[in-house]
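Welcome! Please take a look at the sequence and the 3D view below, and then we can walk through some of the details together.

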Amino acid sequence: MTLSAFDVFSIGIGPSSSHTVGPMKAAKRFVELLAERQLLEHVAGVRAELFGSLGATGHGHGSATAVLLGLEGEEPATVDTESVGRRVTSAAATGILLLGGRHAIRFDPELDIVMHRQRALPQHPNAMRFTASGDAGAVLLERTYFSIGGGFVIDPEEVESQEAVRDGVEVRFPFSTAAELLEICASQGLRISDVMMANERVRRSDSEIRAGLLAIWRAMKSCVEAGCRRDPATELPGGLRVRRRAPALHQKLTSGPSAPDTDDPMRVLDWVNLFALAVNEENASGGRVVTAPTNGAAGIVPAVLHYYVCFIPESDEDGIVRFLLTAAAIGILFKLNASISGAEVGCQGEVGSACAMAAGALCELLGGSPAQVENAAEIGVEHHLGLTCDPIGGLVQIPCIERNAIASVKAINAARLALHGDGSHRVSLDEAIKTVRDTGRDMDTKYKETSRGGLAVNVVDC
């Protein structure tokens, strides 16, 4: 295991980790390479081409905007989300872009960012090609990148081995399968969060790990709060006329008895739904979110973590840290052995992995053994197997937003179900993850984030 919890959880911008965060990072990486080779000041123009799923649904996912911002040197974690629209409008109006934030080039977003809706590159469904040219039109530099989910970006040489995903750090307890992780826990007498903590220590001090994870939690909390504060009458951008539901639900839940005091035993589910809806509505509108492990599934881990904080009496910051460490360990297993990219394996790899992560993490905090945690994660993903990624209009709205709310409730149920057992079960998490991988390979491309199948073609989007 050479992935960190901070690879699984990263603060970014909506609406998609693979289609927004990835392209922004790739564009910035290209500009940095130009600067490294001392070519930046010689660039007169840049052309960006998006292929496969990026080309098919990039418009609805804000990919063109992400590319523009990345070329200007912005990063997903720090870009001012409130200024995005103005900057895109300015570039289109003036025909000028500040490459790397300092070198002015001619740039027309409509012409210089090309969405190949019917063309894909063979190595990966989320491919980008950047070409920089000089005054006479001669090519100065050309590079291809692949956005493989969760904001990860790799080169063509890395696409087969995905070695860029592994940072090469020697950790104390390496694992690449759930079976290996459980063996470590059994032999060392550790919880899954303990194993992750020990591995994180090779990169950061205990105080840095704790501070970093609590910062992730604060970003999740801020996202929920922002989603609840919005005007209930506003619609999400993109043309589907989807009205925000989180603000109205929040007003309803806070105007009467609080959830713990109500006689309705199911009212807690309304709160869980609210937490998830708030996050995913912020994501759909290009707000600040935490990739967990993707943006399309960004509401599930925060919703279940909010459930822990708000409804488990003994919750504390130590529990929050353990929750995120356990969830990250499970997310790593999906990243290493299957995929978290909807363009590769459908939504089973996004919502399915997030549900497994949240279920396993909650199970540990409720007193579950490592075997019960593994069981909870398996239950969480098993009941998302075969789930397609078919966003209407190429927007991360329908069915994505509701899907996060439903999966959050399923994660809580999976954790509770696992706790009623002794950890033994017929289907292992490793087998379920392998099934995600195999099913994704067999799934027709039209069901993998292209908006050419399923709900995307059976529902009129205007």
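Which residues does serine 17 touch, not counting residues up to four places away in sequence? They are Gly22, Ser147, Gly150, Gly151, Thr291, Thr294 and Asn295, where contact means heavy atoms within 4.5 Å. Please keep in mind that this is a predicted model, in which local features need pLDDT of at least 70 and side-chain atom pairs count only at pLDDT 80 or more, while totals for chains, interfaces and linings use all residues. Residues are numbered from 1 along each chain as its sequence is written, and side-chain values use heavy atoms, with hydrogens and water left out.

**Serine 17**
- Serine 17 sits in helix α2; helices (H or I, at least four residues) and strands (E, at least two) are DSSP runs, numbered from the N terminus.
- With a relative accessible area of 3%, serine 17 is buried (under 20% relative accessible area, with a 1.4 Å probe and protein chains only).
- Its side chain reaches the backbone nitrogen of glycine 150 at 3.4 Å.

**Alanine 44**
- You will find alanine 44 in the loop between α2 and β2 (45–52).
- Alanine 44 is buried too, with a relative accessible area of 6%.
- Beyond its neighbours within four places in sequence, alanine 44 is in contact with Ile105, Arg106, Ser133, Gly134 and Asp135.
- From alanine 44 to leucine 249 it is 205 residues in sequence and 51 Å in space, C-alpha to C-alpha.

**Strands β3 and β4**
- Strand β3 (residues 96–99) and β4 run antiparallel and are joined by 4 bridges; two strands pair if DSSP finds at least two bridges between them.
- Leucine 98 stands opposite alanine 104 in β4.
- The hairpin of β3 and β4 has 3 residues between the strands, and glycine 100 there takes a positive phi near 65 degrees.
- In a regular strand the side chains alternate between the two faces of the sheet.
- Strand β4 (residues 103–106) has His103 and Ile105 on its covered face, and Ala104 and Arg106 on its uncovered one.

**The largest pocket**
- The largest pocket has a volume of about 930 Å³.
- Its lining has 39 residues, and the closest to the pocket centre are Gly58, His59, Gly62, Ser63 and Thr65.
- A pocket is an open set of points on a 1 Å grid over the protein atoms alone, where a 1.4 Å probe fits, with protein on both sides within 12 Å along at least five of seven lines; lining residues have an atom within 4 Å of a point.
- Helix α4 gives the most to this lining, with 6 residues.

Conventions:
Buried means under 20% relative accessible area, exposed over 50%, partly exposed in between (1.4 Å probe, protein chains only). Grid points are joined across faces, edges and corners, and a volume is the space filled by probe spheres set on the points. A polar contact is a pair of N or O atoms within 3.5 Å; within protein, one must be able to donate a hydrogen and the other to accept it, and residues adjacent in sequence count only if both atoms are side-chain atoms.
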